[in-house]
Amino acid sequence: MKFLCVDCDAQMVFEERQLPGDGTLAAAFKCPACGRVVAMLTNPMETQLVASLGVVIGGRTVPPQPLETVRGMVATGRDDAFHEVSGERGAVSGPTWSAEAQERLSRVPSFVRGMVKKIYADYARQHAIPEITPAVMDTARAELGLEGM
Ligand SMILES: [Zn+2]
């Protein structure tokens with residue numbers, strides 16, 4: 001629900017609203033550019049409509065409307081989705097290493113072992129490989145041109 005000041009082509013800002021208690025809503029929208037104020041008076045049924053359009057009435061004087069609830073749930077769901085994604089990313093500590101792969105990794109000089117391990121782990125992640133085995137290491141080495149590592 002937005003009002004545009006035609007003269008200024010500016011979006012008017014929701015300034016104040018009153019809820020006399022009988023469901024009547026008076027809302028004022030002010031143009032931030034020229035200061036023009038437009039007031040809107042609605043009857044109870046229209047108030048329901050306005051509320052359902054996402055104009056959240058301060059202090060929850062009006063009971064939450066069905067559509068508003070849905071919007072809230074959608075927004076919350078999105079938030080949760082983001083958290084889940086980032087949480088999953090954080091939880092993924094990288095692929096596991098088979099015993100043979102670990103044994104082979106232990107033969108890599110210690111001063112480059114961390115780097116080599118990261119290279120293989122990154123490769124496995126990029127290819128959705130859950131476990132690094134000597135075969136995976138061979139493939140990665142050939143693909144990445146890391147002969148000798
Ligand atoms: Zn204006």
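This is a predicted model: local features need pLDDT of at least 70, side-chain atom pairs count only at pLDDT 80 or more; totals for chains, interfaces and linings use all residues.
**Note on the zinc site, helix packing and selected residues**

1. Ala128 is placed in the loop between H4 and strand E7 (131–132), where helices (H or I, at least four residues) and strands (E, at least two) are DSSP runs numbered from the N terminus. Phi of Ala128 is near 55°, a positive value in a residue other than glycine, and Ala128 is exposed, with a relative accessible area of 67%; the classes used here are buried under 20%, exposed over 50% and partly exposed in between, with a 1.4 Å probe and protein chains only.

2. Residues are numbered from 1 along each chain as its sequence is written, and side-chain values use heavy atoms, with hydrogens and water left out.

3. Asp9, which is not a glycine, has a positive phi of about 55°; Asp9 sits in the loop between E1 and E2 and, at 59% relative accessibility, counts as exposed.

4. As to the overall layout, the protein contains five helices and seven strands, which follow one another along the sequence in the pattern β-β-β-β-β-α-α-β-α-α-β-α. Of the 149 residues in the protein, 26% are buried. Among the contacts in the protein with a separation of 6 or more, 37% come from residues 24 or more positions apart, a contact being heavy atoms within 4.5 Å.

5. The metal site is made by cysteine side chains: Cys5 (SG), Cys8 (SG), Cys31 (SG) and Cys34 (SG) coordinate the zinc ion at 2.2 to 2.4 Å. Donors are N, O and S atoms within 2.8 Å of the metal (3.2 Å for Na, K and Ca), and since water is not among the atoms, sites may look incomplete. The angles among the four donor atoms of the zinc ion run from 104 to 113°, and the site is tetrahedral, a term that asks of four donors that all angles lie between 85 and 135 degrees.

6. In sequence, the donor residues of the zinc ion have the spacing C-x2-C-x22-C-x2-C. Distant parts of the chain are linked by the pair Cys8, in the loop between strand E1 (4–5) and strand E2 (10–11), and Cys31, in the loop between strand E4 (25–30) and strand E5 (37–42), the two being 23 residues apart. Cys8 is partly exposed, with a relative accessible area of 31%, whereas Cys31 is buried, with a relative accessible area of 1%.

7. Helix H3 (residues 99–106) packs on helix H5 (residues 134–144) at an angle of about 55°, with the axes 8 Å apart; axes are lines fitted to C-alpha atoms, for helices over the stretch in contact, with angles from 0 to 180 degrees between N-to-C directions. H3 and H5 are therefore oblique to each other. In this contact, Glu100, Ala101, Arg104 and Leu105 of H3 meet Pro134, Met137, Asp138 and Arg141 of H5, giving four nonpolar, no polar and four charged residues.

8. Helix H4 (residues 110–126) also meets H5, and their axes come within 10 Å and cross at roughly 95°. H4 and H5 are therefore roughly perpendicular to each other; angles under 35 degrees count as roughly parallel, over 145 as roughly antiparallel, 65 to 115 as roughly perpendicular and the rest as oblique. Ile119, Tyr120 and Tyr123 of H4 make the contact with Val136, Met137, Thr139, Ala140, Arg141, Glu143 and Leu144 of H5, and these residues divide into seven nonpolar, one polar and two charged. Ala, Val, Leu, Ile, Met, Phe, Trp, Tyr, Cys and Pro count as nonpolar, Asp, Glu, Lys and Arg as charged, and the others, Gly among them, as polar.

Key: Four donors count as tetrahedral if all angles lie between 85 and 135 degrees; four count as square planar and six as octahedral if opposite donors are over 155 degrees apart and all others between 65 and 115; anything else is irregular.
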